[in-house]
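Have the model open and follow along.

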Amino acid sequence: MDDALSRWLQLREPADAVARSERLTRIIADALAGTEPVRVLDLATGTGANLRYLAPHLPRLQHWLVVDRDPAVLARLPALTSSWGAARQYDVRTHVNGCGIRGERLECHVETRQLDLGSLTDDEIFAGRHLVTASALLDLVSQHWLSELAARSRAARAAALFTITYNGWSCCSPSEPEDDVIRDLLNRHQHTDKGLGGAAAGPDAAECVVRCFSDAGYRVGTDPSDWSLGSAEHELQRRLIEGWAEAATEMRADPSTIAGWRDRRIAHVDAGRSRIVVGHLDVAALAPRR
Ligand SMILES: C[S@@+](CC[C@H](N)C(=O)[O-])C[C@H]1O[C@@H](n2cnc3c(N)ncnc32)[C@H](O)[C@@H]1O
């Protein structure tokens, strides 16, 4: 089981939920009002954070197909959704490959499927979908993958909602002399191939997805969804700094410079004085009318 990825996804889930654009969620929910059951595809669902955020906003009857290549994170989705549901008085029944969620205003069937989305050639997952969505994914995929995504969403006439796409900007305080260099190294690392269609779009992904969906005839809206992390998010900050340091080291930067930067940044976190803002963009797209 990939505990490290599951832990990272659980750590970031509350920060993502706070950062996401409520306005764009509402636009998508309004566009889907009256569509029941609403059929949703969540790409690279991880442990299901996007499902847990969106389900209460969508029409009551929902069928979700949630896919990820990692069976370990998918396996954690039903249990995490159960504890999430218990806190909201939803009845969550787990079953083989998924779960069902029932509440006063929610009746949701969730099918989990292990699938490598590297080439995005599986048309079946898009067929009949009213909404195609993904969270914290698009910076990992190539520009070609994004144009395929727009074409397949368009063929299904599905609305689209893509949240928490890193835009290449961050700001740390108190500042350290190497902050900008590390961010530049990270942004170069963001363009390396992540196994999703070639060199990743990285910080260009949000701009690229806007272009691809606009070219496919969609009406597209964007909102910032920056993380603003303070002392309450000390563990998330710590993991973020470690991750940035690893990425910078992989770009063949001087390891001792990186280690010095990392140690000073983590000392700020441990002292409760660190604040980190990370730039993201949310994108919603409505399909052209028939
Ligand atoms: C940053 S996580 C986001 C997970 C989830 N959407 C969330 O917001 O918590 C990226 C996800 O992409 C998945 N992933 C990476 N490459 C993939 C691929 N080739 N096919 C399917 N899923 C992939 C990972 O397993 C991971 O769960």
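Start with helix H4, whose buried residues are Ala-72, Val-73, Leu-74, Leu-77, Pro-78, Leu-80, Thr-81, Trp-84 and Gly-85. Buried here means under 20% relative accessible area, with exposed over 50% and partly exposed in between (1.4 Å probe, protein chains only). Helices (H or I, at least four residues) and strands (E, at least two) are DSSP runs, numbered from the N terminus. Keep in mind that this is a predicted model, where local features need pLDDT of at least 70, side-chain atom pairs count only at pLDDT 80 or more, and totals for chains, interfaces and linings use all residues. Residues are numbered from 1 along each chain as its sequence is written, and side-chain values use heavy atoms, leaving out hydrogens and water.

What do those buried residues of H4 pack against? Helices H1 (3-19) and H3 (49-54), plus strands S2 (61-68), S3 (91-95), S4 (98-103) and S5 (106-114).

Now look along H4 itself. At its start, a side-chain oxygen of Asp-70 comes to within 2.8 Å of the backbone nitrogen of Ala-72. Further on, H4 bends by about 30° at Leu-77, with a proline, Pro-78, following within four residues; the bend is the angle between axes fitted to the seven residues ending there and the seven starting there. After H4 comes Gln-89, with a positive phi near 60°.

Over to H5. Its buried residues are Trp-145, Leu-146, Leu-149, Ala-150, Arg-152 and Ser-153. Their cover includes strands S1 (38-43), S6 (131-135) and S7 (159-173), along with helix H7 (205-215). Just after H5, Arg-157 has a positive phi of about 55°.

Methods
Contact means heavy atoms within 4.5 Å. A polar contact is a pair of N or O atoms within 3.5 Å; within protein, one must be able to donate a hydrogen and the other to accept it, and residues adjacent in sequence count only if both atoms are side-chain atoms.
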